[in-house]
Amino acid sequence: TALTVGRLPAIGDAAAQSGLSAGNGVTLHSPGLNIAANIASGGDNTMATSSGPIAVNGLVTLSSSRNIVLSSAGDFIQTGSLLVNGPDLVVGTTGLDASKLVPNTGTNTFTLGNQVGAIGGIMGSFSGGMVSFTALSLPTGTLILSAGTGAITGASVNVNQLGVVIGGGRADLTGSISGNATTTAAELGTAFPMPSNDYRFNTCAIGSVSCLVLPALTPIQPQLITNFEVTVTQPAADDLDAPLTNIFDENRLCDELYRTSPDLAQKVCQ
């Protein structure tokens, strides 16, 4: 059955427990996962793989000196308030084992685009469950999301860095990136392999400097002309009775009259 990480009251001489704690790393595999209490680990990655959905409920803190990776073959739903203390939080809903999505570094000093690209290359455009946040705080770390064709939604998503894998679904997130809560916050995010108007943060396309992804301009190639014909039109004969428009017409008309009617030319031309 599904695994629940919860809080336990004191039982006999055992003190109350507020969640799960490990001195090194934490690795969980289950048909479903319900995180309702804190998980803390040090020295290695925290990884959870669920063949069903993952739910994070209540006031929960996830802490790790390395990466925190939550991977499911179903929906990822977070309600209440989630605080993450660690370099990375990776959430994927395409069903891959969490160990395949571990970033290559344990710090948040990596190049975000390269990291999202590495994860995106593994996950691709698989079908996936939805990702939903109610309130997420990741003050010093990086949030990387991949839902395949699933939808990514969330309000009050406040992170230091953000990366999304474009997989044929959509994203509609609001909150702040590096303290920026305006529409320009989306520029600070990274989208792999490229920004999409379907993946937005504060209404703007993630990773796009223009808020919206503009379509590429396709130049129109002129058609090649292979056959053409040139027709020369003869000028119309001058009308000797037409009014003169300028001195050049007058001189030309007088020359013509001297050749055809010398007597008339002497009368009208000087």
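Student: Where does N202 lie, and how do you know that from the strands?
Tutor: N202 lies in the loop between β18 and β19 (204-205). Strands are DSSP runs of E with at least two residues, helices are runs of H or I with at least four, and both are numbered from the N terminus. This is a predicted model, in which local features need pLDDT of at least 70, side-chain atom pairs count only at pLDDT 80 or more, and totals for chains, interfaces and linings use all residues. Residues are numbered from 1 along each chain as its sequence is written, and side-chain values use heavy atoms, with hydrogens and water left out.

Student: What makes the phi of N202 worth noting?
Tutor: Phi of N202 is near 55 degrees, a positive value in a residue other than glycine. T203 lies in the loop between β18 and β19 too, and has a positive phi near 75 degrees.

Student: Why is N202 called buried?
Tutor: Its relative accessible area is 8%. Buried means under 20%, exposed over 50% and partly exposed in between, with a 1.4 Å probe and protein chains only. N202 is therefore buried.

Student: What makes C204 and C211 a disulfide?
Tutor: Their sulfur atoms are 2.0 Å apart. The rule asks for a pair of cysteine sulfur atoms within 2.5 Å. The pair passes, and the count by this rule comes to one disulfide.

Student: What is the handedness of the bond between C204 and C211, and how do you know?
Tutor: The torsion about the S-S bond is about -80 degrees, so the disulfide is left-handed.

Student: Buried or exposed: which is C204?
Tutor: Buried, at a relative accessible area of 3%. C211 has 27% relative accessibility, so C211 counts as partly exposed.

Student: Which peptide bond is cis, and what makes it so called?
Tutor: The bond from F192 to P193, with omega near 5 degrees. P193 sits in the loop between β17 (190-192) and β18 (199-201). F192 is also 9.2 Å from N114, C-alpha to C-alpha, although 78 residues separate them in sequence.

Student: Buried or exposed: what is N114?
Tutor: Exposed, with a relative accessible area of 57%. N114 is found in helix α1 (residues 112-123).

Student: How many aromatic pairs are there?
Tutor: One. Rings of Phe, Tyr and Trp (its six-membered ring) pair if their centres lie within 6.5 Å; planes under 30 degrees apart count as stacked, over 60 as edge-to-face and the rest as tilted. The rings of F76 and F133 have centres 5.6 Å apart and planes at 55 degrees, so this pair is tilted.

Student: What does the pair of F76 and F133 tie together?
Tutor: F76 lies in strand β10 (residues 76-78) and F133 in strand β13 (residues 131-133), so the pair ties together parts 57 residues apart in sequence. F76 counts as buried at 1% relative accessibility, and F133 does so at 4%.

Student: What is F133 in contact with, beyond its neighbours in sequence?
Tutor: Contact means heavy atoms within 4.5 Å. Leaving aside neighbours within four places in sequence, the partners of F133 include F76, V91, L143, L145 and V157.

Student: What makes a set of residues a nonpolar core?
Tutor: Its members are buried Ala, Val, Leu, Ile, Met, Phe, Trp, Tyr and Cys residues, joined through side-chain atoms within 4.5 Å. The largest such core here has 41 residues, and F133, L136 and L162 are among those with the most contacts inside it. Strand β15 (residues 151-165) gives the largest share, five residues. A second, separate core has 11 residues, including I144 and V165.

Student: Why do side chains alternate along a strand?
Tutor: In a regular strand they alternate between the two faces of the sheet.
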